[in-house]
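Please consider the following note alongside the sequence and the coordinates.

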Amino acid sequence: MKRYLLRRLLLMVPTFLGITVLTFAVAHLAPGDPLQLDQETVGAAQADVAKQRAEKGLDAPLPVQYGRWLSRVVRFDFGRSYIDQRPVSEKLAEALPRTALVSGLAVLFAFGLAVPLGVFLATRKTLLSRAVSAGLTVVWGVPTFWVAVLLLLVFSNPRALDVLPMQGLGEGGLVDLAWHLVLPVACLTYPTLAIATRQVRAAMQEALTQDYVKAARARGIPERRVVWRHALRNSLLPVVTLLGFSLPHVLGGSVVIERVFGIPGMGLLAFDSVGTRDYPTVMGVATVMAVATLLSMLAVDVAYGFIDPRIRVEESS
Amino acid sequence: MRVLLTGLLASGLLGACTCQKKPAELDAGAPVPAPSAEWMQGKLPAPKPGEAPKKGGTFTLRVNLEPTGLTRLHDQMAEGTMTRLTVGPIYETLGRVDPKAPEGPLLPLLAEAWEESDDHLTLTVRLRGGVRFHDGSPLTAKDFKAVVDVILNPKNATAAIRNYLADLDAVTAPDERTLVVKWKRPYFLANRTFLGTIPAMPAKALDGDFDALPIHRAPIGTGPFRFEKWEAGSSMSYARHDGYWGQKAWVDRVVIRFVKDETVAAQLWERGEFDLMTRIPPTVWRAVEAPVEANRWAITGYQRSAFVENTYTWIGWNERRPFFGDARVRRALALLYPREQVARLVDLGLEPPTTCPYYASKESCDPAITPLPADPGGARRLLDEAGWKDSDGDGVRDKDGVPLRFTFLATTYSVKLGKLLPLFQEALRQGGVEGDIERIDPGAYSSRVRARDFDVIAMSWSSTDAVQDVFQIFHSSQAKEGSNSVGYANPEVDALLEQIRTEFDPKARAALERQVHRKLFDDQVYLFLSLRPQLDAVKNRVRGLVPGIAWYRLQDVWLSE
Amino acid sequence: MKGLRALWADRAARPAVVALGILVGAAVFADFLASDLPLAVRVDGQTHLFPCVTRPAALRGRSQATLTGTEWMIRTPIPYGPAQTIAATGEVRDGPPPWGPDGAHWLGTDEVGRDVLARLIHGARVSLFIAVFTVLIAVGVGMLIGGVSGYLGGATDAVLSRLLEVMTTFPLVFFLIALLSVLRTQSLWPLVLALGLTRWTDVARLVRAEVLKLKTLDFVLAARAMGASPLRIVTRHLLPNALGPVLVTATFGVAAAVLLETALSFLGLGVAPPTASWGELLTQAHRTLVHPGAWWLAVFPGVCIALTVLSVNALGEAVRRKVDGGV
C-alpha cells in the first residue's frame, strides 16, 4: 500500500506540470495583457508601460516566464495579482473556503441522498418511484442558472415568499450562514443528485441480478440485508468514481451559481481573472484545482480497495 | 408520462411568474397614488422647510462593480467611476468642482487659497490649518509633496495620474502650509487638474514597495468618512470621521454593497435593502412607473433621481479602413442609424441625444448643431456619390472590389449594445451595408482597441469636471498611442486644439471649442449617440442627497428616521 | 435506419423519438418555417421560388412585412426571420418590446422585437448543431486516444493517461476565451471546438477500459495470431465492439452540451449576435423576468431545453437497453 501510494504520488508530478503548462499556454494565447486593460481611458505614457512590463517580467519568452512561476510556486509563492496587487495566496484563501463550503455541502447532499434514493428506485416499482425517477430526469434537463433565478423569484421576492436571503453568505453567525446557503446549495445539488441517483439505481439493478445476491437470498438472508449489505457494496463503485470526478468541479466552483448568488468563490475568481488577464491569479486557481483533482483521483482509487476487496490497488492504476 | 410532466413544468414556471402579481398585503386597500411629476422626471424633492438634520443611522447604497483598490494613484486600481464613488468620501483634494457651477472656478477644500502667477507657470497654495488625517497625524505641505514624488517615480505603476503632471517642473514645500507648483509650459488645465486630482495622503503611509502599500486597500485620508472594512466580493463600509475639520457627516456609517447582477440588484432594491439604489437599468426605471399595486413599494417608498452626467456614448469608425477614411461614408452611416427607434426602444426616452464632445449644457457646444436624423435615402445618395455601389449584384455595396462590410466590436457585457447593434445592423442592410457583430471579453477588447485592431467600436467617454480638454481624443498626434483610437487627423482641428491649450480666457476658449465641435460634426468622426443618465433611487427617509458632476456628497446625507 | 426502427419498437422511447423528430425537423426546415422572406413570391415582374433559402439580392433589405407591389406571395408559416428586429418589421406599438404572445407573435417577442417562435426554431438549429458536433468531436478524439492508449499500453498508455487527467481538470472557460479571441470568427466553430476538445475524456476513459477488456478475448487473440496489423485489430475488432457504450455516453453528451451552451450564453461566451440560440433567449429572460415581467422569454426556451434534454436522455436509456441486451 505504501509503495503504491508513493508511486501514485510520483505519477502526479507530470500531470500537475501538464495542467499548469497547458493553463499557462492557453491563458497567454488569449490576446490582451493586464497592463493594457485601463490604458485606453487613461492614456498612460507608453515608455512607462514598457518599463513596467519589463519589471513584471511580462516581456520574457513564455517558457522563461513559466519557469519563473514554477520556481516560485514550489516555494508556495503565487505572486501578486496584477489587478489589485494583493498576494494571490490571500485571494485563494478567501475564495476557497466559500466554494468548499457551498459546493462541498452540495456534493454531500447529492450523494447522501442519491444512495438511498437510488436503492429505493431500484427495489420498488411503484407509481411513486416512477414519478421520482421522472422528476429527477426533468430537473436535470433544466439549466442551473434558470432554476437559480426562479428560486430567487419565488423564495426571495418581496411579492412572493420573502423568506430566504438573496446574496452572499451572511455576516457571521451559523444560523445566518445556513439561511444564506439554502438556495445556492439546492441549485448545485440537484443536477449531481439526478446523475448520481441514476448511477446508483442502474448499478443496484444490475447487482440484484448477480449470482451472489441470488445465493445470499437462497441462504435465507433477509431481503433488507441482501440489498443494503451485499448488493449496495458492489453498486457503490461507479458512484465513488463519479464522486471522484465531481470533486475537482466542486473546488472549481460553479461560476454561474456564484454569480447569481453573489458568492465570491473560486469559480468567480477564475472567471474574473481570466477576463482581466490576471495571470498570477489564473495560475493560482489552476494550481489549486490541479492538486485537488489529483488528490481526489487518488482518493477514489484507495476507496475502491476499501469497498471491494477483490480489487487490488496495484491493478487499478 | 413525459409529455404530461413537461406540461406541468411549464405551468409551474407560469405559476412562479404570476405569483409576483399578487398584491402586497402590507398596505393593500388604499389605491396606489399616481407618481408625482418630479418622481417621473427623476428630480429629487427640495429639502422640507423646518426639518433639521440629525445625526445617526447607517446609509446603505448599491454599486454595480467592485473597485480593485481604494486609491487614485495605482494604474491598475484607480478605475475612474468606481474610484469616484468609493474613494470620494475618504480622500480630499486641494480644491473641488463647484456643484452649482461646474464650469466655474474650483472651490477651496484643503486649500485656504491659491494664487496663479501671471505667466500661468507658478501656483502657490496656502493649506488649511488644523487638518488631521484619520490616523491623527496633521496634514502638511510635505504630505502633498510626498504624493507627487510617488506619482513621478517612473518605477511606480502611476502612469495614468502621472500623465496629468507631464509638464510639471517642480513641487516644493517651503513651509508646513505652503505648496509651490511650477510648470514647464503654460496649459489652461494644469493648475485645475493639480488642485482637483492630487489626493492628500500621509507621507509615511507611502513608504515601501508601491504595489504592496496597505493604503491602497485601507485608505487613510482627511475626508468626512474614514475607512472601516472591506469584505472582498460583497461590501465595504465607512464610519463618520469625528475629527473632521469641516462640517461633520451626519450618518454614523456608510455601507457600500457590490451587486453586479442587475436582476438581483433590482430585487434587493425592491426588498428595501438600499437607501440609495444606483445604476437602475432603463427597463426597470420604466417598469416601476405604472401606478399599480406591484409598484407601490417604488412609488411610495422611494424618490427617483435622473441626472444626466458628463458621459456620452459614441460609435467610432476606424479611419484606417478603406471605407471609413471618407467623411461622406461616415455621414451616410450616421444617416442610416435608426436614432428614433433606439431612443424609443432601447433608451426608453431616457437618454438625450448629443453631438458634442464637451460638457453638454455649456458654452463649449454649438447649440446650432443637432443630430443627423435618420435618412436612408440621403444615405444611399451619399454612398453612390462616394463611389460605393453594388456593382456585383450581391446586395452589398462595393468599391474597387472591396465590399462595404465591417465588424462592430462590442464587449460581451454591454446590454445596451446587445439591443442597439442588431437594430443598426438591420438599418444598415436596408442601405446595402453589412455590419457584423463581434463580441469579445473586456480583456481582449481594450487590447484590440489599443492595437487599433478593429473596424468599428462603441464606447463612452466621461469626465468629472465640466472644464475639459479633448486634445487626447481628437488630436492627430494621439492617433498612434493616445486615445484617438479611430485615427482622426484634421490639421484645422489640430491647430484649434493646440490653441485651446494655452487659451486661459474661458470665453475665448469656449469660442474655439465651438469651432472644434462644428468641425468634428462636419467630419462625423464619431457617430455621437446620447448622454447616459445616471438613474438612481433614494429611500424616502434619506435627506440631503444632491446629484452632481462629482456624484453625491455623502457627508450631507442624513436620515429622517 | 435499422437502429431507428429498433428504437421505435421500444415503446418507452417513442415519445422521445417523436419529440426529437419534431425538433430536428424544425432545425432542418427552419428557413421554410420562419423567415423574413416568403416561400415564393412574384414581385417586380420576377418570380422567386424559395427566396427564404436562396435569399436573392433583388429582395435584399425587404421582407414579407414590407414587400409591396407583389402579384402573389406564399408566406412562410411564421412570417418573421430570427434576426428580424422592429427596425425591419417597422412594427409600432404602445410600449417598447418585449411584447407578450398575441396573434402577430404567437410566443411573443424579445427585447428588440424579434419573434420568439422564429428564434426558437432557428435556435434549435444552433443548439442542436453545437450539441451534435461537440459530441462528434469528443467521440472522435476520445475513441482515438482511448483506443490507442488501451491497445498499445505501456509508455504510450502512461503518457495518454496523464493527458486524460490533465484534460479532466482543465477549465473550459479558459480554453473558450482563448479560442474565441484567437480564431476571431463569427461562426459556431470556436464554441464547438472548445466544447469538443474538453469533453472527450469520458469517451476516452470508457474506450480504454473496453479495449483493455476486449484485447484479451479469444477473437482478438486469434486475429493477432493470424497476423492482422494493430491498426486493423483496433479499427476492425476493438472499436466496433466498444461502440455500444460509447453510443450511450455520446447520447447523454448531447444533452449535456445543450445545457452547457445555455450556461456559456449566460456568461456572455455564447454564440455571436444576432444568431439565435436557446441560451441567448434564456439570458434575455434573466434580465427581463422581474421587470417588465416577460415570462414568455423564460418559459418557451426553458421548455425547449428541458424537452430536448429529456428526450435525448430517454433515447440514451433506450440505446443503453439495446446495447446491454444486444451484447
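This is a predicted model: local features need pLDDT of at least 70, side-chain atom pairs count only at pLDDT 80 or more; totals for chains, interfaces and linings use all residues.

1. Residues are numbered from 1 along each chain as its sequence is written, while chains are lettered from A and ligands numbered from 1 in the order in which they are written.

2. The model has an ipTM of 0.82 and a pTM of 0.86. Within chain C, confidence is highest in helix H3 (residues 30-33), at a mean of 93, and lowest in helix H8 (residues 172-183), at 72. Helices are DSSP runs of H or I with at least four residues, numbered from the N terminus.

3. Chain A contributes 34 residues and chain C 30 residues to their contact, which is defined by C-beta atoms, placed from the backbone, within 7 Å. On the side of chain A that touches chain C, H1(A) gives the most, with 9 residues.

4. In helix H7 (residues 154-169) of chain C, the end C-alpha atoms are 23 Å apart, which agrees with the 22 Å that its 16 residues should span at 1.5 Å a residue; the expected span is 1.5 Å times one less than the number of residues. Buried residues (20 or more other C-beta atoms within 10 Å of their own, with C-beta atoms placed from the backbone) in H7(C) include C:Leu164, C:Val166 and C:Met167.

5. Helix H9 (residues 211-218) of chain A is hardly covered, with a count of 0 buried residues among its 8 residues. Just after H9(A), A:Gly220 adopts a positive phi of about 85 degrees.

Notes
pLDDT is the predictor's confidence in each residue, from 0 to 100. Helices (H or I, at least four residues) and strands (E, at least two) are DSSP runs, numbered from the N terminus. Two residues are in contact if their C-beta atoms, placed from the backbone, lie within 7 Å. A residue is buried if 20 or more other C-beta atoms lie within 10 Å of its own, exposed if 12 or fewer, and partly exposed in between; C-beta atoms are placed from the backbone.
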